[in-house]
Amino acid sequence: MSIEFRDDDEEIDTSVSCSSCDAVCCRLTVLVMPEDKVPRHLVARNEHGLEVMARGEDGWCIAVDHHKMCCSIYDQRPGICRKFAMGSAYCRSEREIYREQVARGIPLAVVD
Ligand code: SF4
Ligand code: SF4
């Protein structure tokens, strides 16, 4: 682990990289806000009536490029995705949850 602090005091582990990650943060619920410019066919409405990024049966956001395990709409991704910091505590926590699921052979499912 190699910790640095951003200007807003968020603790970042600079040894973490999206290039060696299965885009596990893209299994989380992503709210789509009115100012977001997401292609409409990728947007769904959840049980609370809120607009969210649609997800596939595997639980990953429908916009994930499964060959490269990265965002296929990077320039149009929602603001909430833009704010999710690589190496942040939230990122590290999702990576740890995923690692445990894989290690224990737990079927991967939608994460809320
Ligand atoms: S932000 Fe974190 S959890 Fe998301 S793809 Fe990058 S390394 Fe993985
Ligand atoms: S829009 Fe892109 S960055 Fe956001 S969850 Fe979907 S695939 Fe991930």
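Ala, Val, Leu, Ile, Met, Phe, Trp, Tyr, Cys and Pro count as nonpolar, Asp, Glu, Lys and Arg as charged, and the others, Gly among them, as polar.

## Basis

This is a predicted model, in which local features need pLDDT of at least 70, side-chain atom pairs count only at pLDDT 80 or more, and totals for chains, interfaces and linings use all residues. Residues are numbered from 1 along each chain as its sequence is written, chains are lettered from A and ligands numbered from 1 in the order in which they are written, and side-chain values use heavy atoms, with hydrogens and water left out.

## Ligand shells

Around ligand 2 (a heavy atom within 4 Å) are Cys 26, Val 30, Met 53, Cys 61, Ala 63, Val 64, Cys 71, Ile 73, Pro 78 and Cys 81.

The shell of ligand 1 includes Cys 18, Cys 21, Cys 25, Cys 91 and Arg 95. By class, that shell has nine nonpolar, one polar and one charged residues.

## Contacts of Ala 63

Ala 63, part of the ligand 2 shell, is in contact (heavy atoms within 4.5 Å) with Leu 42, Met 53, Cys 70, Cys 71, Ser 72 and Ile 73, leaving aside neighbours within four places in sequence.

## Positive phi

Asp 9 has a positive phi of about 75° and is exposed (over 50% relative accessible area), at 61%. Met 69 has a phi near 50° and is buried (under 20%), at 18%.

Key:
Buried < 20%, exposed > 50% of the residue type's maximum accessible area, 1.4 Å probe, protein only.
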